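These are my notebook entries on a single chain. I record below what I looked up, entry by entry.

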Amino acid sequence: MTTRDVKDNDSLMQDFEAYLLLERSLSPNTASAYLTDTSHLLDFLKDSGISPADTTEQEIHQLLASVHDLGISPRTQARMIAGMRAFFKFMKMEGYISDDPSELIESPQLGKHLPDVLSIEEIDAMIAAIPPDKEESTRNHAIIETLYGSGLRVSELTAARLSRLSLDDALLIVEGKGSKQRMVPMSPTSVALIREYLPQRNRLNIKKEGDDIIFLNRRGAPLSRVMVFYIIRDLAAAAGIAKTVSPHTLRHSFATHLLEGGANLRAIQEMLGHESIATTELYLHLDRSRLRRELLEHHPHYKNR
């Protein structure tokens, strides 16, 4: 129940930031994380036509379900819940609400087998560990950039087709679970690396099954998912990374880095293919510029390269 009029979201966030830093004495990093998580909540509520003061436990559960569907690690989910609890405690203290809707929200259990997320520095270390003089080096670098820069599943990467690739537009159509297609933006680095790799690919003795496949092995056949796993695992080991690293780790990292960087949840869902998009024609109705803007503003390898 609202007890006083709520300010606009920008003013509310400014007051919340002051509360975190001055009254809660949180570190700048923790306060920044809480503010980012709260901005996700406010965006979600705004899209749903709900005022922050009218938020119920149901809306919080819906937001957390969306985050869970993205594959975000339980540790990040727990931090988001902590940020939301701080926000609603602030709202109650300021008299905007009389009941805290986050009071009964439970944090996910943090066991020993959490999906690992790589830091930006670790991903760069893997790239730096690629031997510069090997024939497959450019291909392997392109694989890492495509997995991390576009959030692909390994099955989508190994099945990616030349006929569905537009380097000029930096776009790739992939087929995900349930044979559902989606269009993914590509980072400038992955586009440049694929351009460099294609002449090497075309010199191979390409098998019939590899005619339209982008990434091939030395025999001209499509790469297997197991082979991509070995490529990623060996580069992580060469970079001295002690975490359990697989191609899916790069997909987790893609989603987590975008989320923590402030990207819109629904845009991340579209890029990861968690919405029900069944045919290529539906992509004509997607706002390509908005998806690309989310990447340019929030993905480390789009901002820095």
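I began with M227 and found it partly exposed, at a relative accessible area of 37%; buried here means under 20%, exposed over 50%, and partly exposed in between, with a 1.4 Å probe and protein chains only. The model is predicted, so I note that local features need pLDDT of at least 70 and side-chain atom pairs pLDDT 80 or more, while totals for chains, interfaces and linings use all residues. Residues are numbered from 1 along each chain as its sequence is written, and side-chain values use heavy atoms, without hydrogens and water.

M227 is in helix α9, residues 225-238. Helices are DSSP runs of H or I with at least four residues, strands are runs of E with at least two, and both are numbered from the N terminus. I then looked up the nonpolar surface patch that V226, M227, F229 and Y230 form, and noted about 340 Å² of accessible area for them together. Patch members have over 30% relative accessible area and no salt bridge; nonpolar side chains (Val, Leu, Ile, Met, Phe, Trp, Tyr) are joined within 5 Å, and like charges within 9 Å. A salt bridge is a side-chain nitrogen of Lys or Arg within 4 Å of a carboxyl oxygen of Asp or Glu. Areas are from the Shrake-Rupley method with a 1.4 Å probe, and for residues only the protein chains shown count as cover.

Next I turned to H257, in helix α10 (residues 247-260). H257 is buried, with a relative accessible area of 11%. Its side chain makes a polar contact of 2.7 Å with the side chain of Y148, and a polar atom of the H257 side chain lies 2.8 Å from the backbone oxygen of L118. A polar contact is a pair of N or O atoms within 3.5 Å; within protein, one must be able to donate a hydrogen and the other to accept it, and residues adjacent in sequence count only if both atoms are side-chain atoms.

I then examined helix α6, residues 137-150. I found 14 of its 14 residues buried, so α6 is largely enclosed by the rest of the structure. G151 follows α6 and has a positive phi, near 70°.

T38 is buried, with a relative accessible area of 0%. Leaving out residues up to four places away in sequence, I listed M13, F16, G83 and F87 as touching T38, where contact means heavy atoms within 4.5 Å.

For the chain, I recorded 13 helices and three strands, with buried residues making up 50% of the 305 residues.

Terms used
The expected span of a helix is 1.5 Å times one less than its number of residues.
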